[in-house]
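Here are my comments on the model you sent over.

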Amino acid sequence: MDILRAFYSIILITGIQRALGFAFQPTGQESVYPPAGQYTYPAGYPPAGGGTYPAAPPNAGYPGAAGYPAPGSYPGTPQAGGMPSYPGAPTGPGFGVPPAGPAFGGYPQPPVQSYGGGGPAQIPGTWVFPYYTGGQAPSPMPGLVCVVSYSIINLKAVSVFFFFSSSMVQYTQGTIQAAPNFDANRDAEILRKAMKGFGTDEQAIINVVANRSNDQRQKIKAAFKTMYGKDLIKDLKSELSGNVEELILALFMPSIYYDAWSLRHAMKGVGTQERVLIEILCTRTNQEIRDIVNCYRSEFGRDIEQDIRADTSGHFERLLISMCQGNRDENQNVDYQKAQEDAQRLYQAGEGRLGTDESCFNMVLASRSFPQLKATVEAYSRVANRDLLSSIDREFSGNVECGLKAILQCALNRPAFFAERLYYSMKGAGTDDSTLIRIIVTRSEIDLVQIKQVFTQMYQKTLASMISSDTSGDYRRLLLAIVGQ
C-alpha cells in the first residue's frame with residue numbers, strides 16, 4: 001500500500017510540474033558578457049564621454065519598493081541607528097530583517113527563512129528543487145525554489161509551494177537576446193540595401209542591429225566584408241552622424257573592445273573623465289577586467305596602469321590600480337566572522353579615529369567579494385550605528401569617494417547603480433548622451449530588464465518615458481528598440 005501511495009504521489013508531482021509549465025534546472029550559473037570577438041576596427045570612432053547579483057546573506061530579502069529613495073536623495077545620512085538609503089541595503093531592525101510588504105520587482109518575500117550556503121536546508125518531509133519557467137531561459141534563474149512537502153508516515157497528501165530564495169544567485173536578464181533563425185548573409189544584404197543609392201533607410205538598420213546579439217553583429221560584419229569587399233563600419237560612418245552614429249558603432253564593437261575603447265577615450269587628450277573609469281573598472285568581473293587590460297594593450301599599444309597613473313593621483317589612483325588587477329575574491333560563500341572583523345577594521349580606520357586610514361578602505365573594498373561586502377555593510381551598521389555609505393561620505397571626498405561608493409552600491413544592488421547613472425545622464429538641462437549610450441549598450445545583454453524595473457521604482461517613471469522625452473529621431477527609436485517597451 002505504501003509503495004502504491006508513493007507511486008501516486010510521484011504522478012501527482014509530475015502533473016503539477018507539467019500543468020504549471022515548470023522545468024527543474026541546476027543552480028549556480030551566472031550570466032556573462034558575450035564573447036569579445038575580434039578587435040578589428042578602424043580609427044576615428046566618435047569621442048566617448050562620461051555578475052550577476054551577489055548572493056544575499058541570511059535574512060536579507062529584496063528591499064521593498066517603498067524603501068527606494070527619492071531622486072537624488074541617496075546615499076543620505078541617517079539618524080543614529082538609522083538605515084542606509086541605497087536600494088539593496090538591508091533594512092529593518094538590526095539590518096537583517098526583511099521588510100514587510102511587496103518585495104523587489106513584484107516578487108514575493110520568502111514565506112520561510114532565508115538560508116545561507118546556497119539554498120534551504122533539507123527538512124524531513126520535503127523535497128527541494130530549483131526551477132525556471134519553460135522554454136530557454138536567457139540566463140539562469142536559480143533564486144526560485146520549489147518545495148514539495150509530504151508526510152513520512154503516509155503519502156496521501158502532497159503540498160507544493162514556491163518561493164524566492166534570496167540567498168541564491170539572483171536572476172538577471174538582458175533586453176536583447178540572440179535572434180532565432182539567424183542568417184548573417186541575409187542581414188548583411190539588408191544593411192547593404194539600406195545604405196545603397198540615394199539616402200539611407202535608418203529604420204531597416206535599426207531593425208537589424210537592435211534585434212541581434214553582439215556575437216551575431218560580429219558575424220554580420222564579417223559576412224558584409226566577404227560579400228561586398230567593403231568594411232561595414234566605414235559604410236555606416238559615411239551614412240550616419242551624431243548620436244545615432246555613436247550608438248550604432250558602439251553596438252557593433254565587441255563588448256570587451258568597447259570597454260577598453262571607452263577607457264582610452266576617457267583618458268585621451270586634455271582632462272580625464274573619472275566617472276567613466278569608475279563605471280567600468282569598479283563594476284566588471286575579474287575576467288572582464290583582465291580581458292579589458294589585454295585588449296587595451298593590444299589595440300592601443302598602451303599600458304592602462306601607466307595611463308591611469310598619468311591621469312589620476314592619490315588614493316583615487318591607488319583604487320583604480322587595484323581594480324585593474326582583476327583579483328577580487330569571487331567566492332560566493334560569505335564568511336560572517338570576517339565580515340564582522342572587516343566592519344570593525346573599517347570603523348577603526350574611519351569613524352573610530354581622528355583622520356582616515358584610506359588604505360584600509362582600499363584593501364577591504366578592492367579585495368572582498370561582492371556578497372562578502374554586502375555582509376560587511378550589515379555588520380558595520382551594528383558596529384558604527386550608521387551605514388557604511390554615509391561613513392564613506394563623511395570620511396572621503398571627490399573621485400575616491402565616488403569610486404568606493406560605486407563598489408558598495410554594486411555589492412548592494414547593481415541594477416540600482418546603473419539606474420541612477422542613467423537617471424542623472426538625462427536629468428536637468430541637456431543629456432549626457434555618451435553615458436546614456438554606454439550603459440544601454442553594455443547592459444543590454446546582461447541586466448537591462450532589472451535596471452528598468454529598479455529605475456521605475458526609484459524615480460516613479462519608466463526608463464523608456466525618460467528616454468522619449470530627452471531624445472529624438474532615429475536616435476530615440478534605436479534606444480527604445482534596445483530598451484524595449
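The points below cover confidence first, then helix packing, then an aromatic pair.

1. Before anything else, keep in mind that this is a predicted model. The mean pLDDT of the protein is 76, and 65% of the residues get to 70 or more.

2. Two stretches deserve a flag. Residues 16-38 have pLDDT below 50, and the model gives this stretch 50 contacts beyond near neighbours in sequence. Residues 92-169 also stay under 50 in pLDDT; here the model has 184 contacts beyond four places in sequence. I'd mention both stretches, with their pLDDT, in any figure legend.

3. Now to the helices, starting with α7 (residues 255-267) and α17 (residues 433-443). Their axes come within 11 Å and cross at roughly 160 degrees. Angles over 145 degrees count as roughly antiparallel, so that is how α7 and α17 run relative to each other. The crossing of α7 past α17 is left-handed.

4. Which residues make the contact between α7 and α17? From α7 they are Tyr258, Asp259 and Ser262, and from α17 they are Ile437, Arg438, Val441 and Thr442. Sorted by class, this contact has 3 nonpolar, 2 polar and 2 charged residues.

5. Helix α17 also packs against α20 (residues 473-483), with axes that come within 11 Å and cross at roughly 30 degrees. Angles under 35 degrees count as roughly parallel, and α17 and α20 are therefore roughly parallel to each other. Their crossing is left-handed.

6. On the α17 side, the contact with α20 uses Asp433, Leu436, Ile437 and Ile440. Helix α20 brings Tyr475, Leu479, Ile482 and Val483. By class that makes 7 nonpolar residues, no polar ones and 1 charged. Have a look at Ile437 in the viewer: this residue is in the α17 contact with α7 and also in the α17 contact with α20.

7. How far apart are the axes of α15 (residues 388-395) and α16 (residues 398-426)? They are 10 Å apart, and the two helices pack at an angle of about 175 degrees. That makes α15 roughly antiparallel to α16. Helix α15 contributes Leu388, Leu389, Ile392 and Asp393 to the contact, while α16 contributes Glu401, Leu404, Lys405, Leu408, Gln409 and Leu412. The class count here is 6 nonpolar, 1 polar and 3 charged.

8. Last, the aromatics. The structure holds 10 aromatic pairs, and one of them is formed by Tyr296 and Phe300. Their rings are 5.6 Å apart centre to centre, with 70 degrees between the planes. Planes over 60 degrees apart count as edge-to-face, and this pair is edge-to-face. Both residues sit in helix α9 (residues 286-300), 4 residues apart, which is about one turn of the helix.

Key:
Residues numbered from 1 in each chain as written. Predicted model: local features only at pLDDT ≥ 70, side-chain atom pairs only at ≥ 80, totals over all residues. Heavy atoms only, no water. Axes fitted to C-alpha atoms, helices over the stretch in contact; angles between N-to-C directions. Parallel < 35°, antiparallel > 145°, perpendicular 65-115°, else oblique. Left-handed = near helix turned anticlockwise from the far one by under 90°. Contact = heavy atoms within 4.5 Å. Nonpolar A, V, L, I, M, F, W, Y, C, P; charged D, E, K, R; others polar. pLDDT = per-residue confidence, 0-100. Phe/Tyr/Trp six-rings, centres within 6.5 Å; stacked < 30°, edge-to-face > 60°.
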